[in-house]
Amino acid sequence: MKPHDWVQIFLYLGILLAITPLLGMFMHRVFSGRRNILSAVIGPLERLIYKMAGVAPEREMRWTEYAGALFAFNILGIAVLLALQLTQQWLPLNPQNFPNVPFALALNTAVSFVTNTNWQAYSGESTLGYLVQMAGLTVQNFVSAATGIAVLIALARGLTRKSAETIGNFWADLVRATLYLLAPLSMVMAIVLIWQGVPQTFSAYVAAKPPDGIEQLIPLGPVASQIAIKQLGTNGGGYFGQNSAHPFENPTPFSNFIEMLAIFAIPAGLTYTYGLMTKDRRQGWTIFGAMLALFLAGFAISWWAELQPNAVTGLASNMEGKEVRFGVMNSVLFSTITTDASCGAVNAMHDSLTPLAGGVALLNLLLGEVIFGGVGAGMYGMLVFVVLTVFLAGLMVGRSPEYLGKKIEAHEVRWSVVAALAPCVCILIGLAVACSIPAGSATLGNQGPHGFSEMFYAFASAAANNGSALAGVGVNNNFYNYTLAICMFLGRFAIIGPVLAIAGSMAGKKVAPPSPGTFPTTGFTFAGLLVAVILIVGALTFFPALTLGPIVEHLVMGAGRSF
Amino acid sequence: MSTLKSSSHSQSAFADAALLKLAAVDALKKLDPRAQLRNPVMFVVFLGAIVTTAVCFRSPSGFNLQITVWLWFTVFFANFAEALAEGRGKAQAASLRRMRTTTMARRLRGSTEDIVVAGDLHKGDLVVCEAGDIIPADGDVVEGIATVDESAITGESAPVIRESGGDHSAVTGGTRVISDRIVILVTNEPGNAFLDRMIAMVESASRQRTPNEIALGILLVSLTLVFVLAVGTLPALAHFSEKLAGQAGAVNVSLVVLVSLLVCLIPTTIGGLLSAIGISGIDRLIQRNVLATSGRAVEAAGDIDVLLLDKTGTITMGNRQAAAFMPAPGVEEKELAVAAHLASMADETPEGRSIVVLAKERFNLRAHDISERHVTWIPFSAHSRMSGVDMEGGLIRWRKGAADSMRRWVEENGGSYPSEVQALVEKVSASGGTPLVVAEQRRVLGVVQLKDVVKGGIRERFAQLRKMGIRTVMITGDNPMTAAAIAVEAGVDDFMAEATPEDKLARIREEQAKGHLVAMTGDGTNDAPALAHADVGVAMSTGTQAAREAGNMVDLDSNPTKLIEVVEIGKQLLMTRGALTTFSIANDVAKYFAIIPAMFLGLYATIPGERGPLAALDLMHLHSPESAILSAVIFNALIIIALIPLALRGVQYRAMGAVAVLRRNVMVYGLGGVIVPFIGIKLIDLLLAGLGLA
């Protein structure tokens, strides 16, 4: 814990806090269709797209229509991505002449990018050509992020509208999120990254002959543009297999700082946008506070754990698996941020984290990616927990539970529970199946509790739409490609469906004006309750499994044993 | 037979041995799988108990047997809680039913009468009741006037007058005519009478689950499913870990242990007590002599944030009362008081009597002081609007009455009406009071101020309600000036002056459009639309049949103030549900720390068979893996029994703002729910170890 570590942490938090309202206000203007600073430039393009697509952006949709449009768009996305991969050797922009991708891997990858997971069972630089990377993956990096934001905005409309039937227009939300938000931000960030040394080129890989005489092939490509959106859109799918640990993805401590900031920027800003939509900024800040508390607690535990003398290796702190240019603090900060935010980009080997730090990363996934979370997804996941918290604790003030003046009834409880528990179901069942059949553990490299954690992490990462991996278990095989694809799909759409259903039913409700007898959903008490409910739901569901993984691994390591 | 009153006074159901015995029997009857299926959480326990019982037949170890016995106890205790809550209602229903069965009716067909059983009466029949008859069915008096003893329904011993026309025409089946003869038009089909609905209500047989109960039920079932999944997948994960550790048999995931873990984790505490909480909420209303037509109404009462209260009888005493003597210039206050006192002796109205009382209080005046003088009393009449007294053969003539009548009287007698007195009169009117002028022939003595007397403690009550976020609106027929004065004095948030029943209805609609939930009381036929429209409409049982049909609650005491208690009971019901749910979930933390280390104790042990690293999770240092699991299961069963009184009584209720209530309940039931089981399980473990049971 050196002084410059602390300076960086406070700088990070300070800048995050500063950009939250700025981005939040901007997004609020964008999604309410009002003029903003980019209207003059992008407005004509936006209108052109609507015209070409035959979309009337002001035409409001009921929740069923909104959900229908969203699912159609995403299913189509999976189909296109699948087709591109299955035919890439016949398509242009493939200078390395990579062969067609096998079906299981192609499906896994297609689902992975459409669900904003960016789980990569392949290594990008040795599997996919430029066309698939750009026209397939990068496009999904944008639109999957835009989909997440659209769902959140729709939910926020549902929660804040009075006796309304509609929750917005999906196409307009999708286009606006992409054009006004993701594209300009990515462009700026890509330029910063190029300045820091990230390549952006269409040229073929470069052959080099270093002093040791062994010829190397140095992969290149349009890297900076993909890195920008993979961070900003909390996608996490790296251009290279090593992701942000690779010097071409993340060359300097400054690029590292920017990349970490980019992960939290939009999710944090959306809390403010939400506050503006509810016409009570405290609603947004309270959720921001709950997220920040969970983030800082996780980071503190991880950092502390990584700095402890290791009883097995005998080293003073844990530099194994970390890049020297980042060091312990920046690696742990990155690992906490990326697992909190459903991003999945990594700048260090998570497999080499200490059991506690790895356990925190795993727990972050298990809690449902609501600590800032994926763009839009984190916030709507958090709002599901808010609904559950209001229902559980709201009864205790002696009124039937209400949120923003609207009653939480059986319908909302049912869908909230489905949304909150769908990933849990995927993880537990997937893990149990993997534990039970030979295919599940055939590719497992490690024995002992760490081996268990690696499998656990794989399912958690998929269901939480994170995409980072503890690795250690070979996942490019039929069993993992298919099971994880299912987990990713359900982890995304078994939440989005219920969330939109809640948006629809809440939109139609009457609003009771607040009074001193109303259950408060702002302030420290509520933030504390929210944190407690998130921890309790996550902990109660996964405590037995965590015991068999990180917890026992930590205890065993303390005793100086390894497997 | 004052059924409701007497049984409600036998307070704590817990102390009543007969009820306990009855509940125990009913609890056994509820072991019927069909009854269990209604409560999914407890049904899982029920299935678990069956599974462990089966295991016991195959491998009857002491541990297996004890777990099985305690699982059955868990099911039994939950049944018992429900049976106990139902028990009181059943006892009340039984005595009500006895009242109904034997009644005969004298049915009127044209001009002839025939005798039929009360149950054969239909809507539209006419029946005759004379002194001594029990009224056979609900109806309206269409002819005659009678005094009726309604104590069987209301517990109120004073008989009431029922007459045709107006707002006092409704009679209830089961009550008794004490004097005179009335003809009643039957207004209900058999089986649908007020008494029948009462019986159905208290029996809770027809109890529908309320919206909030359904929502909570969904949450509890979902939690149960998650835990089924978490426990169901555990053997696969555990056996795989054994393999990774290379220690076959290091974990204990036997069926009995898994069932124990599952039962401990699923929310059995709230699952077992949920229906008891709902029933007891209705029961607490009945104890206060309020009948709700549905559990839904009780729940809605907790959400009320606007109360429409009638001024008269709720906020103020029934009538205006003399508050001050205001003498005219040159008149002593005592002289005024003496004149007012005597002039009011012949005034039998409550206002007149209150003047006598005030004079007594202020100057210790007694009527017998004047008994020797030659006195002629002039009684109050609505026509003259004054009363008075002539003494000494007409030498002294004192009168008191309405200001304008008195002015005329004084001027007729050749006196003059001083402007100072007129000023006093106007001042009293302006302050919301009623001025009465007192004069001695030509000389005006002064003014008596009558005003509404606000009930003691009502102001504090409204302040409490405000803290709870409930706004009070006073409804009165008074003019706006008078109404405003009383509103300020009583501390209501708003008032409606010169209100008609239509105004009330409009106000309810307006409040509801703004998102408020409104409660009101009413008794007249013209209150019926408003009662039906209000979220909680409490009809007075003295009110008309129409009013009683329209409201969703009936107050047998006809005490409008009770609306406030109704709201409190509704809130308490919801709070109890929330508190026990929180407690139930919080309990799981300790149970995990008891059972998980017990299951995985040997895993990754350095020396096979010894305690492994996960022993570190055994925070309670329990005696053995068996006693740890057993203690958790026993705690889980006993906590249901321990919380039955809380479920029946409701959590402690205080009028506080939502934030304060929330903090308090989170501390008590959330934090308490985490800590209590650690202590409880440890104590049970010590006991088990001491007794050598595990």
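**Entry 1. The contact of chains A and B**

I count a salt bridge when a side-chain nitrogen of Lys or Arg lies within 4 Å of a carboxyl oxygen of Asp or Glu. The model I am reading is predicted. I started with the pair Lys407(A) and Asp303(B). Their closest N and O atoms are 3.7 Å apart, so the pair passes the 4 Å cut-off as a salt bridge. How many salt bridges does the rule find across the interface of chain A and chain B? I found 1.

Next I looked up the extent of the interface. I noted 62 residues of chain A in contact with 63 residues of chain B. The area buried between the two chains is about 5,100 Å². Carbon and sulfur atoms give 76% of that area.

**Entry 2. Salt bridges within the chains**

I then widened the search. Over all chains, the count comes to 42 salt bridges. I picked some to inspect.

Arg157(A) sits in helix α6 (residues 130-160) of chain A, and Asp173(A) in helix α7 (residues 170-195) of chain A. The two are 16 residues apart, and I logged the pair as a link between distant parts of the chain. Are they buried or exposed? Both Arg157(A) and Asp173(A) are buried.

First came Arg397(B) and Asp390(B), whose side chains meet in a salt bridge at 3.9 Å, N to O. Arg397(B) has a relative accessible area of 22%, so I class Arg397(B) as partly exposed. Asp390(B) is at 14% relative accessibility and therefore counts as buried.

One network joins Arg106(B), Glu113(B), Glu130(B), Asp133(B), Glu143(B) and Arg181(B).

Where do the partners lie? Asp133(B) is in the loop between β3 (126-130) and β4 (139-149) of chain B, while Arg106(B) is in strand β1 (residues 104-109) of chain B. They are 27 residues apart, so I wrote this pair down too as linking distant parts of the chain, with Asp133(B) partly exposed at a relative accessible area of 22%.

The largest cavity holds about 300 Å³ of space. I listed 29 residues in its lining. Closest to its centre are Gly368(A), Glu369(A), Val370(A), Pro423(A) and Ile495(A).

Which elements give two or more residues to this lining? I get α12 (355-366), α13 (377-394), α14 (410-436), α17 (478-507) and α18 (523-558) of chain A. Of these, α13(A) gives the most, with 6 residues. I sorted the lining by class and got 18 nonpolar, 9 polar and 2 charged residues.

**Entry 3. Positive phi**

Most residues other than glycine have a negative phi. I looked for exceptions and kept two.

Asn97(A) has phi near 55 degrees. Asn97(A) lies in the loop between α3 (63-86) and α4 (103-114) of chain A. At 61% relative accessibility, Asn97(A) counts as exposed.

Thr234(A) has phi near 45 degrees. Thr234(A) is in the loop between α8 (223-232) and α9 (253-277) of chain A. Is Thr234(A) buried or exposed? I read 0% relative accessibility, so Thr234(A) counts as buried.

**Entry 4. Two single residues**

Gln66(B) lies in helix α5 (residues 62-101) of chain B. Why does Gln66(B) count as buried? The reason is a relative accessibility of 16%, and the cut-off is under 20%. What does Gln66(B) touch, leaving out residues up to four places away in sequence? I found Leu630(B), Leu688(B) and Leu693(B).

Ala297(A) is in helix α10 (residues 281-307) of chain A. With a relative accessible area of 39%, Ala297(A) is partly exposed. I also took the C-alpha separation of Ala297(A) and Tyr180(A), which comes to 34 Å. Along the chain, Ala297(A) and Tyr180(A) are 117 residues apart.

Terms used:
Residues numbered from 1 in each chain as written. Chains lettered and ligands numbered in written order. Predicted model: local features only at pLDDT ≥ 70, side-chain atom pairs only at ≥ 80, totals over all residues. Heavy atoms only, no water. 1 Å grid on protein atoms, 1.4 Å probe; cavity = no way out; pocket = protein on both sides within 12 Å on 5 of 7 lines; lining within 4 Å. Points joined across faces, edges and corners; volume = space filled by probe spheres on them. Helix = DSSP H or I, 4+ residues; strand = E, 2+ residues; numbered from the N terminus. Nonpolar A, V, L, I, M, F, W, Y, C, P; charged D, E, K, R; others polar. Buried < 20%, exposed > 50% of the residue type's maximum accessible area, 1.4 Å probe, protein only. Contact = heavy atoms within 4.5 Å. Buried area = accessible area lost by both parts, 1.4 Å probe.
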